[in-house]
Amino acid sequence: MDRLYWSPDSANLVVRMALHELALPYDAVPVDRAAGAHRRQDYLDLNPQGLLPVLVVAEQDAPLFETAAILLYLADREGGLSPAEPRAQGRFLKWLFFLSNTLHADLRILFYAERYTVDPAAAPALRAGVRRRIDAHLVLLDQAIAATGGPWLLGETLTVLDLYLAACVRWAQLYPPGEALAVGAIRPLAALAGMLEALAERPAIVAACAAEGIEGALFLEPAMPAPFG
Ligand SMILES: N[C@@H](CCC(=O)N[C@@H](CS)C(=O)NCC(=O)O)C(=O)O
């Protein structure tokens, strides 16, 4: 069985949603971030970056880390949550890399601005600048969904892209508390908002979120997860 290391509402949520959508059984190992468990040697042996998620799979000789790599691995292995049509492969890959190396990477600057500057006083300006970038990324993604006719980023086929995007939009509205995107920022992006609402109705997604203490509104104007432990 695959083994997922997780902490509530961390990037492992994306992988967990994929596992549930693919109906794969898995072991879930909690990692207490507040207690610094992700910086201890036993976790660094799995992911030397000290980041979540990690997925340990029997078929590979090393633990998997990096959300997008894990998603691509699962989609390839299971033959699901990826485009059925070979001609859509290019669109799939370009958006997967965009989500990983642009949207998610910029979100990390919003969450951890102090780590991206040697001047703590510069963190608010850094956050303000990156928030503008994130707004622009979301407009681009909304346009991309609208262009396919939706409901998903690639049109009629749900893929890992939608799971990754939904989690990113969720986090952008919640973190860091008090400095996240304004409530109501997403609703005017009608195609994106429609995708988030459609995803939140899927039983597998509801179950994956519930396993991380996430209930109520999942992606659009979402609520904080229940406290860990
Ligand atoms: N590029 C990484 C980023 C993962 C990431 O940012 N994980 C966060 C949780 S959402 C984390 O582990 N943060 C702990 C820390 O930075 O100390 C990936 O996609 O897996």
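These notebook entries record what I looked up about the domains and the ligand of this structure.

**Basis.** I worked from a predicted model, in which local features need pLDDT of at least 70 and side-chain atom pairs count only at pLDDT 80 or more, while totals for chains, interfaces and linings use all residues. Residues are numbered from 1 along each chain as its sequence is written, and side-chain values use heavy atoms, with hydrogens and water left out.

**Domains.** I looked up the division of the chain and found domain 1 (2–78) and domain 2 (86–202), with bounds from an automatic or database domain assignment. Their contact (heavy atoms within 4.5 Å) takes 15 residues from domain 1 and 18 residues from domain 2. The centres of the two domains, taken over C-alpha atoms, are 21 Å apart.

**Polar atoms at the ligand.** I then checked for polar contacts (pairs of N or O atoms within 3.5 Å). Arg39 places a polar side-chain atom 2.9 Å from an oxygen atom of the ligand. At Leu52, a polar backbone atom is 2.8 Å from an oxygen atom of the ligand. Tyr112 has a polar side-chain atom 2.8 Å from a nitrogen atom of the ligand.

**Burial.** Finally, I noted that the ligand taken alone exposes 510 Å², of which the protein buries 92%; accessible areas come from the Shrake-Rupley method with a 1.4 Å probe.

How values were computed:
A polar contact is a pair of N or O atoms within 3.5 Å; within protein, one must be able to donate a hydrogen and the other to accept it, and residues adjacent in sequence count only if both atoms are side-chain atoms.
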